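User: I would like to go through this model in questions and answers. Please start with how the terms are meant.

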Amino acid sequence: MRDDVPNSWEARAEEYSLYGFTDLPSVHKRGTVVLTHGEGPYIVDTHGKRYLDANSGLWNMVAGFDHAGLIAAGQEQFARFPGYHAFFGRMSDQTVMLSERLVEVSPFPRGKVFYTNSGSEANDTMVKMLWFLAQSEGKPERRKILTRVNAYHGVTVVSASMTGKPYNSVFGLPLPGFLHLSCPHYWRFGEQDETEEQFTQRMAKELEDTILAEGPDTIAGFFAEPVQGAGGVIPPSKGYFQAVQPILKKYGIPLISDEVICGFGRTGNTWGCETYDFVPDAIISSKALTAGYFPMGAIILGPELADRMQAASEAIEEFPHGFTASGHPVGCAVALKAIDIIMNEGLAERARALTPRFEAGLARLAENPNIGEWRGKGLMGALEAVKDKATKTPFDGKLSVSERIANTCTDHGLICRPLGQSIVLCPPFIITEGQMDEMFEKLEAALKQVFAEVA
């Protein structure tokens with residue numbers, strides 16, 4: 001028996017856990033927050049301290065942490081049929097029902113659904129589908145994938161290559177053939193005297209110029225989040241999708257809407273593509289698909305891609321891809337319930353009703369001289385910290401301003417997320433007006449404290 005075994009939750013976590021996406025200096029200094037349970041939009045740690053989770057876990061716990069209906073749906077399915085796959089022409093009845101439901105609530109008149117265990121795997125799988133189609137249809141040179149700077153599409157080798165964040169360079173990524181176009185963030189990247197409409201046209205021109213330079217017949221697909229989530233909640237510039245989609249159609253390049261974060265109500269509609277008035281060729285779904293109560297991802301193919309995938313699969317008698325837990329019956333049962341409570345039990349309406357109060361709170365905090373911009377759509381928003389508001393000059397990165405704000409919020413019993421120089425909020429749809437006021441009050445106190453230290 002070791003005589004130096006850690007004897008606190010925090011020490012045990014640090015001794016035995018390898019952290020992902022975690023500021024290690026903060027953990028070493030402050031310790032891990034080890035949680036025991038949740039109560040509505042609150043989480044509770046091993047010391048009994050409660051935190052209002054203004055990030056819905058990781059964008060996904062839209063119904064809070066103890067929804068009785070979701071828990072019951074999982075328990076009942078575990079008792080009835082606790083696990084299976086979707087291989088060899090066999091799948092659970094729950095899987096069949098969920099596929100029907102997803103196509104029904106999609107913007108497509110018909111389509112097909114393929115299941116994964118996460119959004120990362122779903123984006124990875126969609127790329128494999130596009131490559132599979134290219135090979136099957138005699139166009140093997142169609143391999144290149146277009147995304148944008150600040151896009152986040154996941155962490156597998158392929159989806160990390162799609163993700164336009166500099167940290168992936170530590171893995172030697174992106175892989176060749178993954179091309180990152182400019183981020184459509186007008187406030188940050190608009191040129192002097194350039195209107196938002198001109199900025200959008202510049203983004204569209206860059207897309208077409210890139211397609212022509214690379215060769216239209218070498219590009220397999222264009223992936224885009226309606227709102228760039230983990231890039232810092234970046235809505236597209238005005239008219240962005242109306243400008244880029246005709247170009248993609250002109251060259252026969254599918255548009256894939258990554259709705260992992262935006263899907264199922266976060267932007268105010270069922271899908272982010274509805275919010276921005278475009279119909280993609282396929283949709284990637286995860287997170288709120290199960291309200292965070294089960295790990296699941298789904299690819300919803302529109303009619304054209306569904307037909308092409310069916311033909312390509314039949315030509316070789318199968319689509320040689322899948323995961324052991326694809327279409328898991330418990331996950332599908334939970335997803336069916338999650339969709340029902342979001343769309344039929346008032347959760348989506350509640351999110352829409354709370355949006356004006358949410359936006360007003362962001363706008364009020366943006367009056368702070370060290371907040372350069374507030375931005376968002378629906379119940380997802382961000383505040384961008386700046387050293388100088390007039391010039392949009394950011395703070396020195398060594399100051400870790402957003403991390404300090406998030407840590408100070410944690411001290412005050414509020415969970416929010418630092419992303420670059422921004423603080424991101426995406427509260428659960430069940431949050432009350434009073435709890436939203438609590439969220440903004442605690443964040444305001446943290447902003448004042450940190451800016452007094454660094455400004």
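Analyst: Helices (H or I, at least four residues) and strands (E, at least two) are DSSP runs, and their numbers count from the N terminus. The model is a predicted one.

User: How many helices and strands does the protein have?
Analyst: The count rests on the DSSP runs just described. For the protein, the secondary structure comes to 16 helices and 15 strands.

User: What radius of gyration does the protein have, and what would a compact globule have?
Analyst: Along the principal axes, the C-alpha atoms fill a box of roughly 65 × 60 × 50 Å. Of the 455 residues, 55% are buried. With 455 residues, a compact globule would have a radius of gyration near 23 Å, and the protein agrees with this at 22 Å.

User: Among contacts between residues at least 6 apart in sequence, what percentage join residues at least 24 apart?
Analyst: Contact here means heavy atoms within 4.5 Å. Taking the contacts between residues at least 6 apart in sequence, the part joining residues at least 24 apart is 71%.

User: Which helices and strand each supply at least two residues of the lining of the second largest pocket?
Analyst: This pocket has a volume of about 790 Å³. Its lining is made up of 24 residues, with Ala86, Met91, Val113, Phe114 and Phe319 nearest the centre. Elements that each supply at least two lining residues are helix 5, strand 4 (112-116) and helix 12 (303-316).

User: Which element gives the largest share of the lining of the second largest pocket?
Analyst: By residue class, the lining of the second largest pocket divides into 12 nonpolar, eight polar and four charged. The largest share by element is five residues, and these come from helix 12.

User: How many salt bridges are there?
Analyst: Side chains of opposite charge can pair when their charged atoms come close. The cut-off is a side-chain nitrogen of Lys or Arg within 4 Å of a carboxyl oxygen of Asp or Glu. By this rule the salt bridges number 25.

User: How many residues apart in sequence are the parts tied together by Arg188 and Glu384?
Analyst: Arg188 and Glu384 form a salt bridge, with 3.5 Å between the closest N and O atoms. Arg188 belongs to helix 8 (residues 186-189) and Glu384 to strand 12 (residues 381-385), so the parts tied together are 196 residues apart in sequence.

User: Which residues are linked with Arg188 and Glu384 in a network of salt bridges?
Analyst: Arg188 is partly exposed at 25% relative accessible area, whereas Glu384 is buried at 9%. The network that links Arg188 and Glu384 also takes in Glu373 and Arg375.

User: How many residues apart in sequence are the parts tied together by Lys250 and Glu208?
Analyst: Lys250 and Glu208 form a salt bridge whose closest N and O atoms are 3.0 Å apart. Lys250 lies in helix 10 (residues 240-250) and Glu208 in helix 9 (residues 196-214), so this pair ties together parts separated in sequence by 42 residues.

User: Leaving aside neighbours within four places in sequence, which residues is Thr410 in contact with?
Analyst: Thr410 is part of helix 15 (residues 401-411). The residue is buried, at 13% relative accessible area. Beyond its neighbours within four places in sequence, the contacts of Thr410 are Arg30, Val33, Lys49, Tyr51 and Ile415.

Definitions and conventions:
Residues are numbered from 1 along each chain as its sequence is written. This is a predicted model: local features need pLDDT of at least 70, side-chain atom pairs count only at pLDDT 80 or more; totals for chains, interfaces and linings use all residues. Side-chain values use heavy atoms; hydrogens and water are left out. Buried means under 20% relative accessible area, exposed over 50%, partly exposed in between (1.4 Å probe, protein chains only). On a 1 Å grid over the protein atoms alone, a cavity is a set of points where a 1.4 Å probe fits but cannot get out, and a pocket is an open set with protein on both sides within 12 Å along at least five of seven lines; lining residues have an atom within 4 Å of a point. Grid points are joined across faces, edges and corners, and a volume is the space filled by probe spheres set on the points. Ala, Val, Leu, Ile, Met, Phe, Trp, Tyr, Cys and Pro count as nonpolar, Asp, Glu, Lys and Arg as charged, and the others, Gly among them, as polar. The radius of gyration is taken over C-alpha atoms; the globule rule is 2.2 Å times the number of residues to the power 0.38.
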